[in-house]
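Here is a friendly briefing to read with the model open beside you. Take a look at the sequence and the fold first, then work through the topics below.

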Amino acid sequence: MPTERFQFTGEGGHQLAAALELPDGEPAAYALFAHCFTCGKDALAAKRISVALAAKGIAVLRFDFTGLGSSEGDFANSTFSSNVADLVRAADHLRSVRKAPSILIGHSLGGAAILAAAGHIPEAKAVATIAAPSDPAHVTGLFKEHLDDIRAQGEVEVSLAGRPFRIRREFLDDITEHELMKDITGLHKALLVMHSPVDDTVGIDNATGIFIAAKHPKSFVSLDHADHLLTKPADALYAADVIAAWASRYIDTARPANAVDLPEEPRKVVVRETGKSKFNQIITVGPHHLVADEPKAAGGEDAGPGPYDFLLAGLGACTSMTMRLYADRKSLPLDRVTVTLKHSKIYAKDCAECETRDGMLDQIERDIAMEGALDAEQRKKLMEIADKCPVHRTLTSEIRIVTKAVD
């Protein structure tokens, strides 16, 4: 796979060294990668992930921030804000010579910078962070014993990963003033948070902070046993595999002009007895495997949800998803939806609005809690939307079930 090397002009007027990893054929999409603090575009994680994504058809642009690697300028003059501005410049350059990036990827402090830059790259649809801090000021912990001297003297040389770097007071002022949480809550793009639970450089609590602050759609993937720099090749390759598969749901990939969309076959649900107990069943839905059972009071072992539990879960999930789609499309401040459901039997005569007048009928009670700064009108509209979820419509309309015996 070819690597195209070139330079582009950064925010400070310096020439920044860049590498564009290209697939063998036409790229399905373009991505922009931001490397970790004091690393560089050729750091092992940056290069391995970029090459692996190129092998999957995604072109990746990575570059050295000011004063690092082969880029011009003095690292001491750079700040978190200048790094963010250089990422936007990189996207501008890619837009002018190829195509704007639809995927943004950032490692460590580069992840924080990518989150801050994402709002200035309108074509970006998917943002992935790897071992990113929830507050860019976290990086000052790497040289915390020098902070007082930097503020007092204005500039101090520190050792980071065995290499000398000059840190200025302006860097500290800039990084402490940046409010990354505002960028995260206002992201309005699909977000993938990847982090190792044993990361001793940027703790897993940072991933929690980012994930909680972000709006849906958002995903979290644990990089089990990986170190902060993803020094093991398998960890970098795994990260690339996950990013490629996840991003495919959100980006418009390149495709032939004469391509025809074929209707997607509905996934089959297969339910089979396990023989472990009277009611125990294994349910297969595509790649997913679930267990069904009945409560002990009904003669089961309670090894899994019961049939009506699954029915309620389907209605609840559909309700929440439908409300989320509407809220995101209308930019409503809906932070979270919680749907609580209960199934029971009631006497038909007790239901004034029901057509059935005799005997018993099924009743599903659905309580919907909406978190967020919603006004009364927005809450009313979302409640109306809840009744429009496809599963709700299925349950309240005529249903035809075709049953046949098979060998």
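Is C389 buried or exposed? C389 counts as buried, because its relative accessibility is 0%, where buried means under 20% relative accessible area, exposed over 50%, and partly exposed in between (1.4 Å probe, protein chains only). Please keep in mind that this is a predicted model, in which local features need pLDDT of at least 70 and side-chain atom pairs count only at pLDDT 80 or more, while totals for chains, interfaces and linings use all residues. Residues are numbered from 1 along each chain as its sequence is written, and side-chain values use heavy atoms, with hydrogens and water left out.

**Cysteines**

- The count of disulfides comes to one, a disulfide being a pair of cysteine sulfur atoms within 2.5 Å.
- The partners are C36 and C39, with sulfur atoms 1.8 Å apart.
- This disulfide is left-handed, because the torsion about the S-S bond of C36 and C39 is about -95°.
- C36 is buried, at 6% relative accessible area, whereas C39 is partly exposed at 23%.
- C318 is another buried cysteine, with a relative accessible area of 11%.

**The loop between strand 3 and helix 1**

- K41 sits in the loop that runs between strand 3 (29–34) and helix 1 (44–55); helices (H or I, at least four residues) and strands (E, at least two) are DSSP runs, numbered from the N terminus.
- K41 counts as buried, since its relative accessibility is 4%.
- Setting aside neighbours within four places in sequence, K41 has contacts that include R5, A17, H35, R62, F63 and D64, with contact meaning heavy atoms within 4.5 Å.
- T38 also has its place in the loop between strand 3 and helix 1, and T38 is buried at 7% relative accessibility.

**Helix 2**

- Helix 2 covers residues 80–97, and its 18 residues should span 26 Å at 1.5 Å a residue; the end C-alpha atoms are 26 Å apart, so the two values agree. The expected span is 1.5 Å times one less than the number of residues.
- Its buried residues include F80, V84, L87, V88 and L94.
- Among the elements that cover the buried residues of helix 2 are strand 1 (3–9), strand 2 (15–21), helix 3 (109–117) and helix 5 (169–177).

**Salt bridges**

- The structure holds 20 salt bridges, each defined as a side-chain nitrogen of Lys or Arg within 4 Å of a carboxyl oxygen of Asp or Glu.
- R95 pairs with D92, their closest N and O atoms being 2.7 Å apart. Both lie in helix 2, three residues apart, which is about one turn of the helix.
- R95 is partly exposed at 30% relative accessibility, and D92 is partly exposed at 34%.
- R324 and D328 meet in a salt bridge with an N to O distance of 3.1 Å. About one helical turn separates R324 and D328, because they are four residues apart in helix 9 (residues 307–329).
- In that pair, R324 is buried at 12% relative accessible area, while D328 is partly exposed at 33%.
- D362 and K345 form a salt bridge, with the closest N and O atoms 3.1 Å apart. D362 lies in strand 15 (residues 360–371) and K345 in strand 14 (residues 336–347), so this pair ties together parts that are 17 residues apart in sequence.
- Both ends are partly exposed, D362 at 41% and K345 at 48%.
- Salt bridges that share partners join E21, K41, D42, R62 and D64 into one network.

**Backbone geometry**

- Most residues other than glycine have a negative phi, and most peptide bonds are trans.
- The peptide bond from H216 to P217 is cis, with omega near 5°. P217 lies in the loop between helix 7 (204–213) and strand 10 (218–222).
- T38 has a positive phi of about 65°, although it is not a glycine.
- S108 has a positive phi near 60° and is a residue other than glycine. S108 is found in the loop between strand 5 (103–107) and helix 3, and S108 is buried at 8% relative accessible area.

**Surface patch**

- Y308, L311, I364, L395, I399 and I401 form a nonpolar surface patch, with about 550 Å² of accessible area together. Accessible areas come from the Shrake-Rupley method with a 1.4 Å probe, and for residues only the protein chains shown count as cover.
- Patches are made of residues with over 30% relative accessible area and no salt bridge, with like charges joined within 9 Å and nonpolar side chains (Val, Leu, Ile, Met, Phe, Trp, Tyr) within 5 Å.
- I401 is in the segment after helix 11 (390–395), and I401 counts as exposed because its relative accessibility is 71%.
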